[in-house]
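Morning, everyone. Let's take a quick look at the aromatic rings in this one.

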Amino acid sequence: MLLVTTATQVINSDEDEDGLDEEDIVQPPESSSRRKKKASEKVKSADKENLEKAEQALLKAKKRLENVKKAQGKQTQAKKHCNQVSSGSEEPDEPESEDEDEDNILFSSSTKPLRPMVIPQTQTPELRRIDLRKEIPTSQVSRRAFLNMPSATLSSAGLTPSHATATPFALDEDHSEPPSDLHNQPGPTSFLHNKRPRSLSSTDTETPPHLKKSKPQLLKVALRPGLVLTKPPTLTDFSDATVQALLLRAIREYEVLICSKGAFPSLAIRVQWAQTCWVNAQNDADKDEEKSAPRYDFTDRMLRLVKARGSRIRGDLLEPVRAQVMACYGFREGGKARDVRNNAKKAASLVEANSFHYKDPKTQTGYCQSPIIDCVLATTWFKDLTSPGIVFKHYFDPISLDTLALMFTLVRSCIDEWSTGKHIPTAFSEKAVLDNHKVFRADLDEWHTLNVAVTTNKRKKMFNRACKNAGVVDVNAAKPQLTGEAKERARKELEGHTGETDSEDEGEDGEDEDD
């Protein structure tokens with residue numbers, strides 16, 4: 001409204017300026033000097049410029065005024081239309097005078113609220129009740145037919161079947177489509193033909209006990225007070241002793257997976273293995289306790305702690321393998337020139353054509369039967385009854401091809417340390433040894449495919465020898481001994497006895513004394 005008022009004042013002021021008579025304008029005297037004439041010309045030029053500016057401002061104000069009028073007209077028409085709809089009468093629109101619109105624009109200080117629009121209600125169609133007992137032959141399909149549906153299959157992503165249920169990524173959902181003649185089948189499926197199904201009873205809604213799945217509530221893991229989160233994670237970062245024990249168990253299994261399922265897994269597989277090991281650790285804790293143990297959440301810091309053990313376990317294996325390489329192949333330390341020459345020559349011959357893979361490196365016979373294999377197994381995973389190879393024996397029975405490939409890679413790295421004749425220790429980094437590891441793994445695959453049964457039996461013997469070196473007396477399960485003659489003797493002893501009186505045993509003892 002202020003804009004319109006200003007524009008009106010500008011119009012009035014321009015009209016007053018245009019209505020001035022020539023007499024009202026002060027004319028300079030004819031007898032004025034030349035200097036005064038120049039000043040009057042400047043004034044005229046300034047007035048002319050001011051007049052042009054005022055005209056431009058006037059045009060702009062007129063355009064704005066027209067826009068405001070149009071907007072006011074549209075608002076008035078919409079208001080009348082709403083009134084007509086609400087009153088139910090449709091009267092022809094009457095033309096409005098421009099004066100009224102102008103007055104409303106210039107002097108209106110508020111707007112009136114519009115009336116709420118009335119939405120006509122449509123009538124809902126009548127619903128027809130159908131007797132489904134006559135149309136749906138429920139006797140043909142049992143109400144408990146869903147119990148015979150196949151359940152989802154579980155796969156342990158390359159792990160042992162004993163931990164298949166603990167793998168969070170092993171559930172394969174069945175998305176099979178229904179048969180094409182589903183709509184033509186009688187029974188409960190007939191409700192697909194726009195028919196109202198019967199109401200479910202309490203027995204229908206109950207879930208069978210073997211299909212009920214309870215989701216355990218995960219507890220939050222508390223961190224040690226004053227912990228600096230920027231430092232690498234350790235076991236002591238967590239204040240709960242139970243969480244530390246579970247993490248230690250998950251770390252040990254993760255290290256075994258690195259040694260038996262893949263020495264250099266991808267990031268996605270490492271995350272999957274870490275989560276699987278955490279679930280397995282909690283499942284084993286449930287087996288040890290009478291009641292179900294509490295479930296803890298697996299945080300990002302815990303995930304980082306478990307994943308970091310991959311590179312660490314590979315580095316920890318390097319030291320015992322280094323000692324076995326030196327002892328088995330006869331490398332000598334010292335500064336003697338003869339020893340240096342022999343060491344360099346021996347290292348070159350072992351590396352050539354991967355001769356250290358064979359039982360006889362010179363003739364290259366006895367592939368994957370080198371004595372270094374049993375030596376490395378005995379000093380790494382099968383040192384005693386608490387070693388990973390015994391605790392997690394299902395990962396090593398038989399010795400996997402991945403374990404053999406990791407051993408060959410470690411041995412090759414230790415042999416290369418003697419390539420100059422002198423022992424120069426090097427780090428076992430993934431970037432430096434990955435190419436050799438891929439070649440060794442491919443060679444082992446080719447060897448295994450030559451005769452799967454024989455190679456599998458050889459790897460089983462490797463596992464049995466390693467267990468024997470660790471102190472396991474009998475790898476296989478105990479066999480029953482009460483068979484044959486021993487069983488017949490026991491049967492004869494029981495004849496004529498009831499086992500209810502003590503005199504039978506006393507009589508036998510007395511007979512022995514008399515004899």
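I'll start with the overall picture and then go through the ring pairs.

This is a predicted model: local features need pLDDT of at least 70, side-chain atom pairs count only at pLDDT 80 or more, and totals for chains, interfaces and linings use all residues. Residues are numbered from 1 along each chain as its sequence is written, and side-chain values use heavy atoms, with hydrogens and water left out.

The protein has 17 helices and 6 strands. These are DSSP runs, numbered from the N terminus: helices are H or I, at least four residues, and strands are E, at least two. Of the 515 residues, 29% are buried, meaning under 20% relative accessible area with a 1.4 Å probe, protein chains only.

Now the rings. How many aromatic pairs does a search of the whole structure find? It finds 11. Rings of Phe, Tyr and Trp (its six-membered ring) pair if their centres lie within 6.5 Å; planes under 30 degrees apart are stacked, over 60 edge-to-face, the rest tilted.

Take Phe356 and Phe440. They are edge-to-face, 6.0 Å centre to centre, with 85° between the planes. Phe356 sits in the loop between α10 (337-351) and β5 (358-360), and Phe440 in helix α14 (residues 430-450), 84 residues apart. Both are buried.

Next, Trp381 and Phe396. Their centres are 6.0 Å apart and their planes at 40°, so this pair is tilted. Trp381 is buried, and so is Phe396. Ring pairs also link Trp381, Phe382, Phe396 and Phe463 into a cluster.

How values were computed: Buried < 20%, exposed > 50% of the residue type's maximum accessible area, 1.4 Å probe, protein only.
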